[in-house]
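Have the viewer open and follow along.

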Amino acid sequence: MSVPGAFRSQGRACDRLGSPFMARLLDTLAEGWDETSALGRRFAAWEGDIGPAGASLPLRLAGGLHALCLSARAPSLAAVYPPAQAGEAALARALAETLATHEPFLLDWIDRAPQTNEIRRSAVLIAAAHWLAERHPLPLVLSELGASGGLNLNFDRFALDLGTRRYEPAGPVLTLAPDWDGPPPPDAPIRVSERRGVDVAPLDPGRAGDALRLLAYLWPDQPERLARTRAAIAAHDATVDAADAADWLEARLARARPGRLHLVYHTIAWQYFPRATQARATAVLEAAGARAGEDAPLAWLSMETDGRPDGAALALRLWPGDRRQALGRADFHGRWVRWDGPARLA
C-alpha cells in the first residue's frame with residue numbers, strides 16, 4: 001500500500017467510526033505528503049503493511065499531531081482543529097507548518113504503536129459481569145490482557161444506561177449509554193475483590209506524558225470521548241504490569257482463589273498479540289479451566305474482530321465444564337451493542 005493510499009484508507013475507517021474530521025485530516029495529509037522529508041523517508045522505509053491492518057502509521061502520525069494540539073505546542077494547528085471549522089487550505093497550511101516545525105517530535109512519536117483505552121467498551125464488560133454475577137454470585141478477580149493504561153479495569157465504577165434500565169454503582173465515575181439492542185442483562189450486584197492488567201508497553205495514566213498519549217489517540221471531533229477518558233483517568237487506581245500476556249497469565253492463574261470468580265478479558269487486543277502468545281495464553285486458560293471448580297470458576301471474555309464488518313464478536317468461555325456462549329456483537333468503539341447474553345449456555 002502506498003503512503004497516500006494508507007492515509008486515505010485510514011481516513012475512510014475513521015469516517016465509518018464517526019469522525020469526519022479525521023477523514024479530512026488524513027486526506028489532506030495524503031494530498032500534501034512530502035516523500036523527501038525525514039518523516040516521508042521513515043514512512044517509505046517502514047517494513048510491512050503501514051495501513052490500518054498493519055502498523056497504522058497514519059493513525060500514529062495523527063495521534064502525534066493531536067498531542068501537539070493538546071499540549072499547546074502547536075497553536076497554529078490547534079486553531080484549525082475542532083471545534084474550529086477551518087477550510088481545506090487553512091488546514092493544509094497548518095499541517096505543513098507543523099510537520100516541518102515539529103518533525104523531531106513526530107519522528108519519535110510514531111515509533112510506538114497507537115494506544116488508547118476506549119472507555120465505551122466497558123459497556124460490554126459491565127453487562128457480562130452482571131450476567132456472570134447472576135450465575136456465580138461471587139466476588140470477581142479481574143485480569144485484563146492488553147490493558148494499555150488499565151482504565152477499563154474500573155468498569156464496575158461506571159454506570160450503564162440502556163434507556164429502559166440503568167445499572168449504577170455508588171458514586172459512578174461516568175455514565176455509558178450505548179445504542180442497545182436486546183434484552184437487558186440481569187441486575188445482579190458486581191463485587192470486585194482484585195483487579196490487575198498486563199501490557200507489553202503499559203501506560204501510567206498518573207504520568208502526564210502517558211495521559212497525553214491516551215488522550216491523543218482520541219479523535220478531535222469527538223469531545224465526549226475525551227471527557228469520558230479524562231474522567232476515567234482522574235479516578236484511575238489499577239495496576240498494569242509490563243510483560244508478555246501469556247507469561248503473566250500463567251503466573252496469575254497459578255494461584256487458586258477459592259470463593260472468587262476469576263474473569264480474564266480483552267477488548268480489541270488479541271489481534272495484536274504474536275501468534276505464539278495467543279497459542280500459549282489459550283493453553284494456559286484451558287489448563288486453568290480444567291482445574292476450576294464451582295467454588296472458584298474461571299471466565300474468559302473476549303470482544304474481538306472476527307473478520308466480519310459489523311463490529312466485534314462477544315464471546316465467553318466458562319469453567320468448570322468449558323461452556324461456551326456467544327454474547328452478541330458490539331461496535332469497535334462501543335457505540336452500539338447487540339446483546340444475546342440471556343441465551344442459555346451451550
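Helix 4 is the top contributor to the lining of the largest cavity, giving four residues. Keep in mind that this is a predicted model. Helix 2 (20-32) and helix 4 (57-70) are the elements that supply two or more residues to that lining. Sorted by class, that makes ten nonpolar, two polar and no charged residues.

Now for an open space. The second largest pocket has a volume of about 270 Å³. It has 17 lining residues, and Arg255, Ala256, Arg257, Ala292 and Ala296 are the closest to its centre. Helix 11 (245-254), strand 8 (261-267) and helix 12 (275-291) each put two or more residues into this lining. What is the make-up of the lining by class? There are ten nonpolar, two polar and five charged residues.

Last stop, the strands. Strand 6 (residues 192-199) runs parallel to strand 1 (residues 140-145), and six bridges join them. Strand 6 also pairs with strand 7 (residues 239-242), again in the parallel sense, over four bridges. To see both pairings at one residue, pick Gly197 in strand 6: Glu144 stands opposite Gly197, and Gly197 in turn stands opposite Val240 in strand 7.

Conventions: Residues are numbered from 1 along each chain as its sequence is written. This is a predicted model: local features need pLDDT of at least 70, side-chain atom pairs count only at pLDDT 80 or more; totals for chains, interfaces and linings use all residues. Side-chain values use heavy atoms; hydrogens and water are left out. On a 1 Å grid over the protein atoms alone, a cavity is a set of points where a 1.4 Å probe fits but cannot get out, and a pocket is an open set with protein on both sides within 12 Å along at least five of seven lines; lining residues have an atom within 4 Å of a point. Grid points are joined across faces, edges and corners, and a volume is the space filled by probe spheres set on the points. Ala, Val, Leu, Ile, Met, Phe, Trp, Tyr, Cys and Pro count as nonpolar, Asp, Glu, Lys and Arg as charged, and the others, Gly among them, as polar. Two strands pair if DSSP finds at least two bridges between them.
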